[in-house]
Amino acid sequence: MERAERRLSNARDILPEIIEVFKEVKPLVDNSVSDHTKVSSHIDKFTDVSSDIIPLCVLGNYSAGKSTFINALIGMEILPNGDEPVTARVFQIKRSKDRDRAMIQFNCGESRYVLRFDPNGLMENKELVGIALYDKIVAKVAKVDPGMATHMNSALKVLNSYKAGDDDKPISDLIRLEVPFAESDPWPHDREFVIFDTPGSNSASNEDHVRILRAAMDGLSNGLPIFVAEYSSLDSTDNEKLYREIEQIPAIDERFAMIVVNKADSADLPKGGFDEDEVKQVMGWSIPRNLYGQGIYFVSSILGLGAKIDGEFMSDNYAEKFEDQQRKYVDPTSRFYKTLYRYDILPGQISRRTNEESEACKDLLLANSGLFCVENEIRLFAERYSAYNKCSRSEALLQEIVDITEEEITAAKQAVEDEKKKREQELDDEKSALIDRLEAYDKTARDRASNEYPAAVSAELNVRQWNTSVEELERRQRSITHEKRGDLGWSERTSSAANARDSILPNLINRVADSVQGEGNIADRATNFVDGITGAAQGFMSDAQDAINKQAKVFEAEKTADKNAANAQIAEVEKNYHDAATEIARAVDDISRVYWNGRAEDCRETFYRIATADDTPLSDEKRKELGELIVNYEALNLTKRDRAVFNKADFTEFRVNDRVIFKSDKLFLDKVEAKYNAEINTCIKETRFAMRQAHELAFKEWLNRLMGRIVGNIVDYNPVLRGYSEEINRKTAEIDALEAKLATLEDRKSYVARVIDWKD
């Protein structure tokens with residue numbers, strides 16, 4: 001495989017930017033859209049989606065072992081268990097912030113009850129002493145051994161079996177728990193996991209569990225559904241009914257559904273795993289056919305829980321099953337050795353990864369129970385897919401907000417037309433025709449000014465003055481590199497290395513020459529010669545090593561200088577970008593103000609000409625009064641902006657890893673040029689949009705006020721007509737504001753689409 005040039009940004013990196021978009025959007029619609037509750041609910045929904053809450057919805061029919069599975073996830077035997085339906089209410093379970101504290105919260109009638117637990121068990125609540133329900137819970141926990149898990153389990157049994165009599169108040173269908181999860185769980189602590197345990201869909205004890213679950217998840221979204229079923233019930237019609245019911249809960253995203261085949265330790269599974277035909281058969285069954293998302297996972301919740309609590313169960317039922325099965329999962333030499341994770345039905349590359357992770361797990365029992373793999377995949381959902389899911393959902397939510405805003409504009413425009421019809425019925429034909437001419441020009445002037453704006457700005461704006469080039473970048477690279485080499489004494493090191501290299505041969509010759517000189521007999525001279533040659537060779541090696549070392553220091557200085565130069569040049573490019581952005585904002589602001597002021601004066605002149613023409617059905621005195629009103633009307637006032645206008649860090653940050661690739665510690669300058677110029681163009685586009693939005697809205701507001709004054713002057717003798725005109729004026733201003741907001745919404749939607757789309 002080869003890495004391509006196109007890429008997707010990491011969803012976790014761009015999610016904060018998208019969250020900022022929704023923060024920008026909220027005040028726009030709150031101040032503009034009359035029925036903004038619909039829009040606000042979408043924004044609030046995204047805010048919830050983008051939070052760190054990860055809802056895990058454990059669903060399935062009764063006796064599938066949902067409560068046991070959740071106990072295994074938590075690592076504590078808290079939820080009651082049994083072969084009969086034991087969950088009559090929806091349990092919402094959060095991870096406690098403190099390992100030595102737990103809590104159960106519920107409502108009974110109008111009262112809110114909070115039961116707190118420490119490692120010894122239920123903590124006394126003197127305010128509740130004497131209340132029958134609380135006293136019953138206290139009596140129940142007194143019959144079991146002290147401990148957080150034992151007391152919580154007993155308390156939940158009381159609440160689960162509670163049935164209000166004629167004189168009793170009902171307990172809420174939702175019961176909230178906070179409990180410390182197992183220390184071994186792999187879930188990141190910067191995420192808030194919330195587990196929902198629900199009654200079985202085929203349990204008569206609570207037939208409207210979907211309604212309760214929907215209410216419990218109100219305000220949440222991006223829920224990860226975990227469907228728990230036994231192997232023998234994967235093709236049952238009850239589970240197919242459950243699938244249809246779950247579709248009614250918008251907070252659950254079935255695309256990422258996990259199917260957990262529980263009690264797999266006692267299922268009749270083929271030895272060695274499924275072959276292709278068997279996989280096809282399983283995938284054709286009801287639940288996999290309708291719900292297959294992330295995969296099908298085979299789990300023994302009892303063995304997984306036992307691995308976390310060292311087999312110390314409260315339930316004799318659990319303990320007996322654990323003791324019967326444990327050895328088969330921890331003794332590889334056993335004839336019946338089992339590794340449930342190898343039965344998981346997943347895409348090939350994911351299956352290979354999960355198998356490798358499970359094989360590497362040091363806790364053999366936890367891994368072979370299949371629970372380790374499920375917990376890891378939940379972690380991956382929280383870290384990877386959840387962020388991607390939130391980003392992709394954001395674009396759809398923005399489109400829904402745009403649609404609602406467009407509906408509001410359509411309704412407002414219809415209201416204006418209705419008011420105009422009422423005005424026409426009360427106004428004489430000649431004056432009605434005059435107002436029609438003024439309003440027709442008003443619409444034409446608005447459309448023409450808006451349509452001609454881009455070309456007018458482009459004609460005055462020299463974009464190339466802010467672009468860079470490879471030649472300029474190379475010149476600066478040479479200059480900066482020379483400076484950085486100077487800081488490291490590169491020239492001196494180069495000279496020293498050259499001298500060392502050049503002196504190798506002369507030094508060798510001198511040493512050899514010295515070795516042939518000398519006095520004494522032939523034997524002495526021969527000995528001196530041998531010693532001299534040996535010394536010359538040693539000197540040669542020493543000189544060569546010295547030259548090599550000094551050249552290495554030259555290379556090291558070059559490498560360090562190149563790195564420093566690259567960092568300095570990136571910083572300089574970023575500064576140049578910020579400086580250019582400021583200049584762009586000022587230039588566009590100046591051009592834009594001149595343009596809109598010019599259009600405003602054109603409108604003033606045309607209004608004057610229409611209103612004071614000889615054929616105008618107004619008296620001379622009225623025409624004069626109207627002409628003076630137009631001439632003396634305040635000029636368009638556009639506030640000058642002295643700073644750059646940027647909405648997103650995407651257009652101001654210049655991160656190295658997004659813009660360049662390092663090779664031999666140097667920048668690919670053609671990449672820098674392309675990315676810098678692309679960012680400058682984006683900056684110009686964003687700035688022009690921001691200036692246009694502000695200035696065009698101000699122009700339309702000015703034009704609308706002037707039109708209101710003119711029309712009001714024409715009909716001022718009739719209070720009914722004046723009322724119609726004022727309503728038209730108000731509605732038109734509302735439409736202008738809405739259309740400006742809509743343009744911003746469309747721009748933000750395009751921005752979100754751009755950051756989540758493929759990039760070169």
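**Exercise 1. Find what share of the contacts in the protein chain between residues at least 6 apart in sequence join residues at least 24 apart.**

Solution. A contact means heavy atoms within 4.5 Å. Among contacts between residues at least 6 apart in sequence, 81% join residues at least 24 apart. The model is predicted, so local features need pLDDT of at least 70 and side-chain atom pairs count only at pLDDT 80 or more, while totals for chains, interfaces and linings use all residues. Residues are numbered from 1 along each chain as its sequence is written, and side-chain values use heavy atoms, with hydrogens and water left out.

**Exercise 2. State how many helices and strands the protein chain has, and what percentage of its residues is buried.**

Solution. Step one: helices (H or I, at least four residues) and strands (E, at least two) are DSSP runs, numbered from the N terminus. The protein chain has 23 helices and 12 strands. Step two: buried means under 20% relative accessible area, exposed over 50%, and partly exposed in between (1.4 Å probe, protein chains only). Of the 760 residues in the protein chain, 48% are buried.

**Exercise 3. Locate Lys-263 and Asp-310, and describe their phi angles.**

Solution. Lys-263 is not a glycine, yet its phi is positive, about 55°. Lys-263 sits in the loop between strand 9 (258-262) and helix 8 (276-283). Its relative accessibility is 29%, so Lys-263 counts as partly exposed. Asp-310, also not a glycine, has a positive phi of about 55°. The loop holding Asp-310 runs between helix 10 (301-309) and helix 11. Asp-310 counts as exposed because its relative accessibility is 66%.

**Exercise 4. Name the residues of the negative surface patch and of the positive one.**

Solution. Like charges are joined within 9 Å. The negative patch consists of Asp-316, Glu-320, Glu-323 and Asp-324. Glu-320 belongs to helix 11 (residues 316-330) and is exposed, because its relative accessible area is 52%. The positive patch consists of Lys-136, Lys-140, Lys-143 and Lys-157. Lys-140 lies in helix 4 (residues 132-141). At 35% relative accessibility, Lys-140 is partly exposed.

Terms used:
Patches are made of residues with over 30% relative accessible area and no salt bridge: like charges are joined within 9 Å, nonpolar side chains (Val, Leu, Ile, Met, Phe, Trp, Tyr) within 5 Å. Accessible areas come from the Shrake-Rupley method with a 1.4 Å probe; for residues, only the protein chains shown count as cover. A salt bridge is a side-chain nitrogen of Lys or Arg within 4 Å of a carboxyl oxygen of Asp or Glu. Lys and Arg count as positive and Asp and Glu as negative; His and the chain ends are not counted. The place of a charge is taken as NZ of Lys, CZ of Arg, CG of Asp or CD of Glu.
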